[in-house]
Amino acid sequence: MCVRRLFQSSYFHWAWRAAFLKPMQQGTRRQTHSGSTYRAVIFDMGGVLIPSPANVAAEWEVQNHIPSGTILKALVKGGENGPWMRFMRGEITTEDFLQEFGKLCSEISKTSVPVDSFFSRLTSKQVAKQFPVMTEAISQIRSKGLQTAVLSNNFRLSDGKSFLPVDRKQFDVVVESCLEGVCKPDPRIYQLCLARLGLQPSESIFLDDLGQNLKAAASLGIRTIKVDDPEAAVKELEALLGFPLHMGIPNTRPVRKTMEIPKDALEKYLKGLLGTQITGPLELLQFDHGQSNPTYYIRLSSHELVLRKKPPGSLLPSAHAVEREFRVMKALANAGVPVPRVLDLCEDSSVIGTPFYLMEYCPGLIYKDPSLPGLEPTQRRAIYTAMNRVLCKIHSVDLHAAGLDDYGKQGDYLPRQVRTWTKQYRAAETSTIPAMERLIQWLPLHLPRQQRTTVVHGDFRLDNLLFHPDKAEVLAVLDWELSTLGDPLADVAYSCLTHYLPPSFPMLRGVSGCDLARLGIPTAEEYFSMYCCHMGTPPVDCWNFYMAFSFFRVAAILQGVYKRSLTGQASSATAEQSGKLAESIANLAWDFAVKEGFRIFKEMPATKPLRRSYHTWAGPQSLPSSTGTRSYSSVPGASSAHASKRALVISPEDLSPPVRELYDRLQRFMEQRVYPLEPELQRHQASAGRWSPSPLIEDLKEEAKAEGLWNLFLPLETDPEKNYGAGLTNMEYTHLCEVMGMSLYAPEIFNCSAPDTGNMELLVRYGTEEQKARWLTPLLEGKARSCFAMTEPQVASSDATNIEASIREEDGFYVINGHKWWISGILDPRCQLCVFMGKTNPQAPRHQQQSVLLVPMDTPGIRVIRPLTVYGLEDAPGGHGEVRFENVRVPKENMVLGPGRGFEIAQGRLGPGRIHHCMRLIGFSERALALMKTRVKSRVAFGKPLVEQGTILADIAQSRAEIEQARLLVLKAAHLMDVAGNKAAALDIAMIKMVTPAMAYRVVDRAIQAFGAAGLSSDYPLAQFFAWARALRLADGPDEVHRATVAKMELKRRM
């Protein structure tokens, strides 16, 4: 039976419709201006405002290898008393529903069904996006004075809020089944909606995609529209209402409240300009792109115009010069450059509040997405070629003939621009951005010599070009606000910004990470070569400077937009995002500066200390930024050019240039984004909501992704094609892992935290393609968490062969029974996978009895008994759980490698994990020592500073020596893993696990002693460092096991 027919079951209609809509406050009645008798339009959600849930279920089942129709059958099972309908009426919680629903799905499909994953997909922002055609229609309906409402069968999420993935401000009334206790098609819920609208049935129109819901509405006298296709439904609604629901002008929207202009005064001015005989109402819309000068579409009689004005309020010096825009566009039009025809410049602020100019409206296409979706590769290349050619045309304009000799100063463009944008940034500064401070110092010292002076656009990029709708031809170049005379290569670099930004970057999408060759889009290098070929000029070797300068400008612009957003002056609704983006862009600019100046950095002495900033939870003033240096007194003077898989690199300064750049970027992110937020993260971890993930962590994860600081842990030998990670060697990652270890929260932020790293590497090494698709992908994306279940309370689990949990085969499944504890991460609501180790054959040889299974966490029979604490610390939200597995049925295809391979898998998983733990412990120790040094310099006891006490000095010296010794041992182990393999490095891995936790335990203990009682508090990270250091003397094998391993191998080697 096809999916569509399944959704025509009466029970199922009720069930699905019960899932899709949200509440809203009742709005005030507006005066209507339509000619129809209707006063309100009522919308259903799924299939009307957002995509149909039928498609969600069908696609999800295919992606997750679930038998087709499983979800549908479970939804209708039980009818009105089934879990789905009770969930829609608000009678059970999300947790109870998922538990009951999961059991039903598993019974129906005879396999484990990850209903948590389905529910997440159902409610995700990626799926539940409102159709633009509906958004536009609602806006038009409300502009005519009609009311709008949502009538939804709906449910509550786990946070108690109802699920409504649309903007409540679009609706006067929202009625939700989970809040009212009644679902469609019950007539009472329609009557309730009408009562809140204050209307009779005949005064409203109801849109739904399900027949029985429409039938119930029609029986009450409500006019109905069946929605099979949103576009067709909007056309039918237009016919009933008697007015258009499409604005008709692309990329426009109703004027934002803070950007309104006096229409009467404008209309009077226009009639004076165009002729007093002009009649008809003035239509005014605002273009939704652009961050600087507000731009409007005007229709008056038969005239279509564009108005561009200065924003209101106090502005930065020389910014928003619409007068210059008007002048240059007028001149360039005469020189053959495609620009809109300008009509008039009005410098009288009394007309609409600020100066403005008018130009003719030019219809065409604006490509906001630089990946050009929907086009063929040849079409994409033609678009970028046309873009390149029009830039060449701008740069070829004869300045004297165009009357633009004095449009800007001749020569010294880059020095002036650096000064200008530095001044603009300083005027808009709201907080210190370290990368901007570095750039302000660096840029003036590395200026290239300017070869030519031309007109430069200043903001030349794809979405400032208007294209012909049928061919790759630029009809008009828009937004000349930043134009002047200058270095043309600045325009070329600026037009390549999107090549270095990810597609998810807000406000300016990019193509970084996209397969440009497959898309047909030229790379930045190809684009630059194309420009040089068209212009007949040789390429330059300082491209990275121009990119650094371009991103520096963007960061300054975004900071200005952000400051204006604080007072409501910014012209874009997304302006408030620009505060965080300015810092991200500045960091990207600095990355290019590092590339440009890397020769200088390589010439720095290898023994120069790396300066580090160690922050505390007590606030930024607790530690001076200059404290905490790491000195390498015995570093060999190896050149970074020779730092390869065969060379042991002891100092980060000797890492290869790409890895050193990554290391520096990671340090910057830690200093700028992680340490300052630790107090807030610690407060969340101690709050009542600690068992839910911190939203701040999720935000930081997205920022880390955008910075390319993601999945750094996978070693090169495991992932030689770099399909999953950064392609670092174990030794290279060791240096980065130490930096992450300086904060308890950092590993998760970069998706480099245990036990996920070990589980992901397990899947990469040993998983089937199906297992990777189902589990590895969401883990790599940071959308899921996982746990590893091995330790058992009733046996000495330090000997993994002791485990007693059973795995037996039954009817094509494996059935698990066992009692596990200290299962880290299992309490995290995002935990979707348990990697389970148990015995499949107790009679087999000792190390071939164990097997590893991938167990979905929503499988019936998994019961968390309690969370465990480490010295009273819960380690929320992941925690450490004691868990029972009772008749847990898992499909046979979830076995990893095969029966009896568990011990082999566990050992392969633990090697890199032990390296990671040890380097994080060294990070703990470095930060603890830095905190200790700062503390003893600021405290006085018994008449003199603590730093002058002999015992304190001895402790500091001892800690430094122990840290350096442990680090060298860990680096050696990592190096051996790279060059000889994990098995050959077994002795060294055992030694670091024996040495490093004990070292960290002692170093942190000395720091706590120096702090006194404060060291025991949550004001500083020392107490948690101490607890982790002590715990890691047991985790991944107790010290005694590693000592025994080392001793046995030593004896074999000597005898």
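Is the crossing of helix 15 and helix 21 left-handed or right-handed? Keep that in mind while we set up the view.

**Before you start**

You are looking at a predicted model, in which local features need pLDDT of at least 70 and side-chain atom pairs count only at pLDDT 80 or more, while totals for chains, interfaces and linings use all residues. Residues are numbered from 1 along each chain as its sequence is written, and side-chain values use heavy atoms, with hydrogens and water left out.

Start with the whole chain, which has 36 helices and 26 strands. Helices (H or I, at least four residues) and strands (E, at least two) are DSSP runs, numbered from the N terminus. Of the 1055 residues, 57% count as buried. Here buried means under 20% relative accessible area, exposed means over 50%, and partly exposed is in between (1.4 Å probe, protein chains only).

**Stop 1: helices 15 and 21**

Select residues 377–395 for helix 15 and 524–535 for helix 21; they pack at an angle of about 45°, with their axes 10 Å apart. That angle makes helix 15 oblique to helix 21. The cut-offs are: under 35 degrees roughly parallel, over 145 roughly antiparallel, 65 to 115 roughly perpendicular, and the rest oblique. Axes are lines fitted to C-alpha atoms, for helices over the stretch in contact, and angles run from 0 to 180 degrees between N-to-C directions.

Now the opening question: the crossing of helix 15 and helix 21 is right-handed. A crossing is right-handed if the near helix is turned clockwise from the far one by less than a right angle, and left-handed if anticlockwise.

Next, show side chains. On helix 15, the contact includes Arg381, Tyr384, Met387 and Leu391, and on helix 21 it includes Tyr527, Met530 and His534. Contact means heavy atoms within 4.5 Å. The residues of this contact divide into 8 nonpolar, 4 polar and 3 charged. For this count, Ala, Val, Leu, Ile, Met, Phe, Trp, Tyr, Cys and Pro are nonpolar, Asp, Glu, Lys and Arg are charged, and the others, Gly among them, are polar.

**Stop 2**

Switch to the cartoon and find the open sheet of 5 strands, in the order 3-2-1-4-5, with parallel pairing. Two strands pair if DSSP finds at least two bridges between them. Strand 3 (173–176) and strand 5 (223–226) stand at the edges with a single partner strand each, so one side of each has no neighbour in the sheet. From one strand to the next, the twist averages 20°.

Zoom in on strand 2 (residues 147–152), which 4 bridges join to strand 3. Select Leu151 and you will find it opposite Val175 in strand 3.

**Stop 3: a hairpin**

Move to strand 13 (residues 465–467) and strand 14 (residues 474–477), an antiparallel pair joined by 3 bridges. The hairpin between strand 13 and strand 14 runs through 6 residues. Phe467 stands opposite Val474 in strand 14.

**Stop 4**

Select Thr757, which lies in helix 30 (residues 756–766). Thr757 is buried, with a relative accessible area of 4%. Leaving out residues up to four places away in sequence, Thr757 touches Phe713, Asn751, Cys752 and His916.

The crossing of helix 30 and helix 31 is left-handed. Among the residues making the contact are Met760 and Leu763 of helix 30 and Trp775 and Leu776 of helix 31.

**Stop 5: Ala1027**

Go to Ala1027 in helix 35 (residues 1022–1031). Ala1027 counts as buried, at 3% relative accessibility. Its C-alpha atom is 6.7 Å from that of Val870, 157 residues away along the chain.

**Stop 6: backbone details**

Most residues other than glycine have a negative phi, and most peptide bonds are trans. Where are the exceptions to look at?

- Lys184 to Pro185: this peptide bond is cis, with omega near 10°. Pro185 lies in the loop between helix 9 (177–180) and helix 10 (187–197).
- Ala876 to Pro877: another cis peptide bond, with omega about 0°.
- Lys110: phi is positive, near 60°, and the residue counts as exposed at 60% relative accessibility.
- Asn887: phi is positive, about 55°, and the residue sits in strand 24.
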